[in-house]
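Please look through the model shown here with the numbered points below beside you.

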Amino acid sequence: MNPPSLPEGAPTPRPTESRVRFAHTNYINAHYGIKSWLLTKDHKRIALLYLGSISLFFALGGVYAMMIRLELLTPASDLVQPMTYNKLFTQHGIIMIFLFLIPSIPAVLGNFLVPLMIGAKDLAFPRINLLSWYLYMIAAVIVVWALLNGGVDTGWTFYTPYSTTFSNSYVVATGLGIFVNGFSSILTGLNFIVTIHTMRAPGMTWFRLPLFIWSHYATSLIMILGTPVIAITILLVAFERIAHIGIFDPRLGGDPVLFQHFFWFYSHPAVYIMILPSMGVVSEIVSTHSRKNIFGYTFVAFSSLAIAVFGFLVWGHHLFTSSQSVYAGMIFSIISFTVAIPSAVKVFNWTATLYKGSISYDTPMLYAMGFIGLFTIGGLTGLFLASLGTDVHLTDTYFIVAHFHYIMVGGALMGYLGGLHNWWPKITGRMYPEGWGRFSALVIFVGFNLTFFPQFLLGTLGMPRRYAAYPADEPVWQVLNVMSTAGASILAVGLIIPGIYFIWSMRYGKFAPANPWPATGLEWRTLSPPPTENFAVTPIVTWEAYEYRPVEEMRVIGVGDGDTSPPVQPAHGTT
Amino acid sequence: MQLPSVPFMAERASTVAGQYDALYGYIAAITIFFSGLVAVLIFYFAVKFRRRHPLEIPRPNAGSLTLETMWTVVPFIIAMTIFAWGSSLYFTLYRQPKEAIEIFVVGKQWMWKFQHTEGQREINELHVPVGSRVKLTMTTEDVIHAFAVPAFRIRSDVVPGRYTYAWFEATKTGRYHLFCTEYCGTNHSGMNGFVEVMDPTAYQTWLAGGGSDSPAAAGETLFQSTGCATCHRLDAQGRGPNLNGVYGKPQQLDDGTTVTADDAYVRESILNPRARTVAGFQQIMPTYQGQLSEEQILQLIAYIRSLGAPDAGATTGSRSQTPATDTTTGTVAPDSQRSNPLSPTQPRANANSNARTEVNATGGGATPARTGGNSNQ
């Protein structure tokens, strides 16, 4: 694991006095003051607003997760009351899914990078983009208000009739938060689709687009087609809860399983809202850090669309034991197996990209390789659950918990962190500390596996999920739970480290050159951080996606932005 | 099928557990093989093709249609084998046996109530004999629960407003955990208990030790006390249909369609009588929504079931010639499979006359009953 040494002929660092100030005017230093941030229409600043807010909620969701794990150290429900435990896992789920994972990559990295990658000055609707963030914040405030008033205990799935008739917690308020948040998501998706269709730079044809864009395009389709369904479902729950209109409660003439169909019609595709952007990030990182064009570009691009389309047809696999017809179960099962194929295609293509590449061990690459491995495990364990017979014993056990955390933490979160590291130099104009980056990536990988692998075993043994207390007469269960909690502690440490060094690097990190890795995307052909208008001159694309040229040539900014100053510093200078 | 015992697998204590574990093993092998393959390739490539010079640029990929086709088609074929095997196991798990000990299960925040055909009721403990098929007819008083016994590899949601079914045949005596696995509120994790699998003689002793009315007998009492009998006269045509021999038979509805009078239809007719009315009758029956507990509805269904028609051999438990499936002990009377396979043999007609005395008195007892009467009748 040798860090790449200084490239030959690397330019000398900037003079010391400018170590705290950028030489060029960029989106960060173009305006000052809180108003310039809160009323900004710059997609890059909005991305940073999102980054700050979702990080806050990620931390809150993480605190809930730690409390859950601590409770499960012992079989008895002794740290918190069962009611409190129920609220902990509910709020962990709601915050992590609706306020962190769904906005994470699209709203932060997507917002920042989509216009830059396609050579545009901004998103198509900058005001709507800002509105998205405000809707997100309003949603977040509503959810936090509900939490402070006592929280909600229905599980993030809000299954009826528990949520509509029996729960004594803040179901409607939380639902309202999710409802509002949905509009934020829809508007972001709409903005991306219009931008990608209409604002590509000259020469940026569809098949020259970075795969990050393809995956965000597919994600946006799901956002605008799926989110309205959850919004309507939440309204129906609220109608039933407030006005006792019988929709889901059989006592009022409703059908409780109907809710599950509505809910999963959105919430299964929502899994792809979380994982597809991450796949896009991984495609970029794998290519950049092996200096290879992605193997089977078109297959990877179309597999994103295939996942988005087939993802809408598999919701019923959450209902295999819910008294759904066995024939409906068979249809949902076979389509669920089909949706596994595009994911497999991606994994094989990423792996093949590495073949005969020039593979660096930079932090983003460590995350990307971790992603491929963990996503593969997460995806393959999905086969147990897509298969009708095996799902019966495993559903609603810790096997499910382990499976979706391999996808959402091992997959989506790893991709997000890898992406943050990969584009941190572009976003902030500063390098993060590479050594700490690699160290924390390894800590996260170890902690993650120690947390969630034992849960596969727990689920196979039959331990139900959402249990505040578990049987004390099964000693193995406690051993596995203790391992899981130990892993969660390691994972927490691994996640705190980047939190610290990212903040540190914003002031003290080394200046980043325009193209530190170097990579091929248009976002690297402007300054770091980019100027408000992204490109001084609209770039004209005459090359294919991931067309690597000699390193010196790629380091030249060269899209005519007028700044001919040499690259500031190498990525891994030792000075 | 005898599979080796594997660490971290739940105990195998039912006939399907072995089949289940075989499929689990197959998918686990696929999972380990492919994750291992991907991990090894990534590690190998990462070491072998590590960056050796900061300025090196490798040759670009050309792509390969052959490879793409291979890694699309091969996973697809493997996935389809899992699909076929998984579906076949699912049908085994969800196709309800015709001959089985029937137990009614009612979930309630936060307990499981069981009622045996012989009258025993229990909470959070379920006693069953080893080697007999047991069919569970389940519903809930409140929210959705799920009934799961990991050692048997069975699970089914228990949904308010409808009946769901599960079955198992235990292969080993012992005590096995039973869990509610669909989140159901505050004390969800306390909604669990044990299935006690006993050897048949012990089970027989247990069955004989007390218990109350059988569900059918309790249902009969209810049928009188809640006023059903005033309209649904069993001796002649009343204002409501005569229920003799109705259960399990197609019924002509007033809109011209027909419906089989199964559990779901009987239940609906009690709670929402006007939803589907039998042809020739007025919609005058009031709803019993909110007046009967789920257990009472199940008792009424058991009673109506017991009013099998004289000619309805197929549904009245007179499959005396069919050998009982796998049931074990020599004391089993073949014809008592549905009601109480392990009880001392009692001629069905006698059982009927014992059980139906009261009905006879009110003029309804002309029909053979399927439920074996308990001695305390």
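This is a predicted model: local features need pLDDT of at least 70, side-chain atom pairs count only at pLDDT 80 or more; totals for chains, interfaces and linings use all residues.

1. Helices (H or I, at least four residues) and strands (E, at least two) are DSSP runs, numbered from the N terminus. Residues are numbered from 1 along each chain as its sequence is written, chains are lettered from A and ligands numbered from 1 in the order in which they are written, and side-chain values use heavy atoms, with hydrogens and water left out.

2. Is A:Asn481 buried or exposed? Buried means under 20% relative accessible area, exposed over 50%, and partly exposed in between, with a 1.4 Å probe and protein chains only. A:Asn481 has a relative accessibility of 0%, and therefore counts as buried. Contact means heavy atoms within 4.5 Å, and, when neighbours within four places in sequence are left aside, A:Asn481 is in contact with A:Arg69, A:Leu72, A:Leu458, A:Met463 and A:Tyr470.

3. A:Thr90, which is found in helix H3 (residues 82–118) of chain A, is likewise buried, with a relative accessible area of 0%. Although A:Thr90 and A:Trp156 are 66 residues apart in sequence, their C-alpha atoms are 5.1 Å apart in space. Setting aside neighbours within four places in sequence, A:Thr90 is in contact with A:Val152, A:Asp153, A:Thr154, A:Gly155 and A:Trp156. The side chain of A:Thr90 also reaches the backbone oxygen of A:Asn86, at 2.6 Å.

4. A:Arg241 lies in helix H7 of chain A, and its relative accessible area of 19% is why A:Arg241 counts as buried. Which residues does A:Arg241 touch, not counting residues up to four places away in sequence? They are A:Ser163, A:Thr164, A:Ser167, A:Asn168, A:Ser169, A:Val171 and A:Val172. A polar atom of the side chain of A:Arg241 lies 2.7 Å from the backbone oxygen of A:Ser163, and from C-alpha to C-alpha A:Arg241 is 6.2 Å from A:Thr165, a residue 76 places apart from A:Arg241 in sequence.

5. A:Asp362 is found in the loop between helix H10 (326–354) and helix H11 (363–386) of chain A, and, at 2% relative accessibility, A:Asp362 counts as buried. A polar contact is a pair of N or O atoms within 3.5 Å; within protein, one must be able to donate a hydrogen and the other to accept it, and residues adjacent in sequence count only if both atoms are side-chain atoms. The side chain of A:Asp362 makes such a contact with the side chain of A:Ser360 at 3.1 Å, and a polar contact of 3.5 Å joins the side chains of A:Asp362 and A:His289.

6. How do helix H7 (residues 211–243) and helix H9 (residues 297–310) of chain A pack, and what is the angle? The angle is about 10° and the axes are 8 Å apart, which makes H7(A) roughly parallel to H9(A). Axes are lines fitted to C-alpha atoms, for helices over the stretch in contact, and angles run from 0 to 180 degrees between N-to-C directions; angles under 35 degrees count as roughly parallel, over 145 as roughly antiparallel, 65 to 115 as roughly perpendicular and the rest as oblique. The residues that meet include A:Trp214 and A:Leu221 in H7(A) and A:Val300 and A:Leu305 in H9(A).

7. In chain B, helix H4 (residues 215–225) and helix H7 (residues 294–306) pack at an angle of about 100°, with their axes 7 Å apart, and that angle makes H4(B) roughly perpendicular to H7(B). Among the residues making the contact are B:Leu222 and B:Phe223 of H4(B) and B:Leu300 and B:Tyr303 of H7(B). Eight of the 11 residues of H4(B) are buried, so H4(B) is largely enclosed by the rest of the structure.

8. Chain B as a whole has nine helices and 12 strands, and 54% of its 377 residues count as buried. Among contacts in chain B between residues at least 6 apart in sequence, 66% join residues at least 24 apart.
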